[in-house]
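The following paragraphs lead the reader through a structure, beginning with the parts of one chain and then turning to the meeting of two chains. Please keep the sequence and the model in view while reading.

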Amino acid sequence: MEEKKIKQVNALESGTVIDHIPSEVLFKVINILGLEKIETNMTFGMNLESKRLGKKGIIKISARFPDDKDLNKIALVAPDAKINIIRDYKVVEKKSVQVPEKVVGIAKCMNPKCVTNVETNVVTKFNVLKNNGHIDLKCHFCEKITDQQNIEIN
Amino acid sequence: MKNKSLISISDYSRDDYMEIIELADHFEKNPVQKIMEGKVVATLFFEPSTRTRLSFESAVNKLGGKVIGFTDAASSSVKKGESLKDTILTVAQYADLIVMRHPVEGSARYASEVSTVPVINAGDGANQHPTQCLLDLYSIYKTQGTLENLNIFLVGDLKYGRTVHSLLQAMSNYNPTFNFVSPKQLQMPNEYKLQLDELGINYYEHEEMKENIKHADIIYVTRIQKERFSDPMDYEKLKNSYILKNKMLKDTKENLRILHPLPRVNEIHVDVDDNEKAYYFPQALNGVFTRQAIMTKILGLK
Ligand SMILES: [Zn+2]
């Protein structure tokens, strides 16, 4: 009984593990993927030791396999995240996230005079510009650039 | 271009620029025609800009079309809190084309995406004003006979001036040399200089307008606004260094023309007005022909 409980928390029979998330954006990742509404088992940890990130976060989602299009959205805040697909307790696929070319409805334009911040119900839309390892977002509407350190998730 | 909104100068290609220039030339020769008869153009000016509005309305009237609209947000339903989307959707029922000026950046793009008729952006805050840019291109073409290989001086507020940014983007298609003359605080932003670097276009930056202008084909002057300076003393110290005076034009090229988007304050001295190189008033008239060309293209009449 006790053993089974431990297993439930630590190992995943089948599902998706998102690893190498910087701790400070863990909840943003949960938010972007809409995991707060998930109905299956989900566990997460934050402030775990990591050689690369210092403190990292990890999310384990049971019996769900978000598609690449959704997973790639988290590249905005966690470009180094690693995805492991688990089936029957085994990692069957490892992948990293790819920065998408367009970002719709996730991020906020940093220009206070932008129509997306003035009118209600305007869905934000950005073209992603890759700029020496940085991600900049160019607003489809006001054409101003929101740079990586100013990216805010709605 | 038919049925397509014009929001940003980058919505048009190099070929489109030339089509507009050729058609503007046609309207300059025949400004009064009845080809817009039965067409209704809505001019929605959410902030006043009399000059731009009159230019559009004159263009429509000369072609026999009708204009409806409002001249500032205070006299419209916007004041009662109507959303931009609802205003546009309603007006689109009454008009074949919407010309819109709005203080909010990106509002014109948004309007074009909710509207069922094409939208022309007549200025959205500090963002874009593409019809100004096209009339500038027409003015340059008309006075130089070409857009290729010109030496263009952009003078004044190069940091916030949307007209100079659009002109820089459009003229970058034609192998220009740019000279930027501005106070340090108002220099051309880096993102535009990087674009020029990528395209391999030469540009030079100056803090003063001196004998360097003797190589210029075009001098495009813009206003320096006091409110752009955090320290008003900086403005007082600088304000007179960027005034173009007639005596400075002595050794300049024969084909040089001086442009300005107007209204002018004092950045071009009135003693330049009588010089044949002054072109800012004809430039404003070119706005009517250029807008006739843009509207008839979008309505599919030409
Ligand atoms: Zn924006």
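Between domain 1 of chain A and domain 2 of chain A, about 610 Å² of area is buried, and carbon and sulfur atoms give 81% of it. Buried area is the accessible area (1.4 Å probe) that two parts lose on being put together, summed over both. On the side of domain 1 of chain A, Lys28(A), Ile32(A) and Leu76(A) lose the most area to domain 2 of chain A, together 70% of what that side buries. The model is predicted: local features need pLDDT of at least 70 and side-chain atom pairs count only at pLDDT 80 or more, whereas totals for chains, interfaces and linings use all residues. Residues are numbered from 1 along each chain as its sequence is written, chains are lettered from A and ligands numbered from 1 in the order in which they are written, and side-chain values use heavy atoms, with hydrogens and water left out.

Domain 1 covers residues 15–96 of chain A and domain 2 covers 102–153; such bounds come from an automatic or database domain assignment. The C-alpha centres of these two domains of chain A lie 24 Å apart. Seven residues of domain 1 of chain A are in contact with seven residues of domain 2 of chain A, where contact means heavy atoms within 4.5 Å. The count of salt bridges between these two domains of chain A is zero; a salt bridge is a side-chain nitrogen of Lys or Arg within 4 Å of a carboxyl oxygen of Asp or Glu.

A nonpolar core is a set of buried Ala, Val, Leu, Ile, Met, Phe, Trp, Tyr and Cys residues joined through side-chain atoms within 4.5 Å, and buried here means under 20% relative accessible area (1.4 Å probe, protein chains only). The largest such core has 56 residues, and Leu137(A) and Ile98(B) are among those with the most contacts inside it. Beyond its neighbours within four places in sequence, Leu137(A) is in contact with residues including Leu76(A), Val103(A), Phe126(A) and Lys144(A).

The last topic is the interface of the two chains. Here 14 residues of chain B are in contact with 13 residues of chain A. The area buried between chain B and chain A is about 1100 Å², with 48% given by carbon and sulfur atoms. Of the area that chain B buries against chain A, Val104(B), Glu105(B) and Tyr110(B) supply 45%, more than any other three residues. One salt bridge is found across this interface of chain B and chain A: the side chains of Lys144(A) and Glu105(B) meet in a salt bridge at 3.6 Å, N to O.

How values were computed: Buried < 20%, exposed > 50% of the residue type's maximum accessible area, 1.4 Å probe, protein only.
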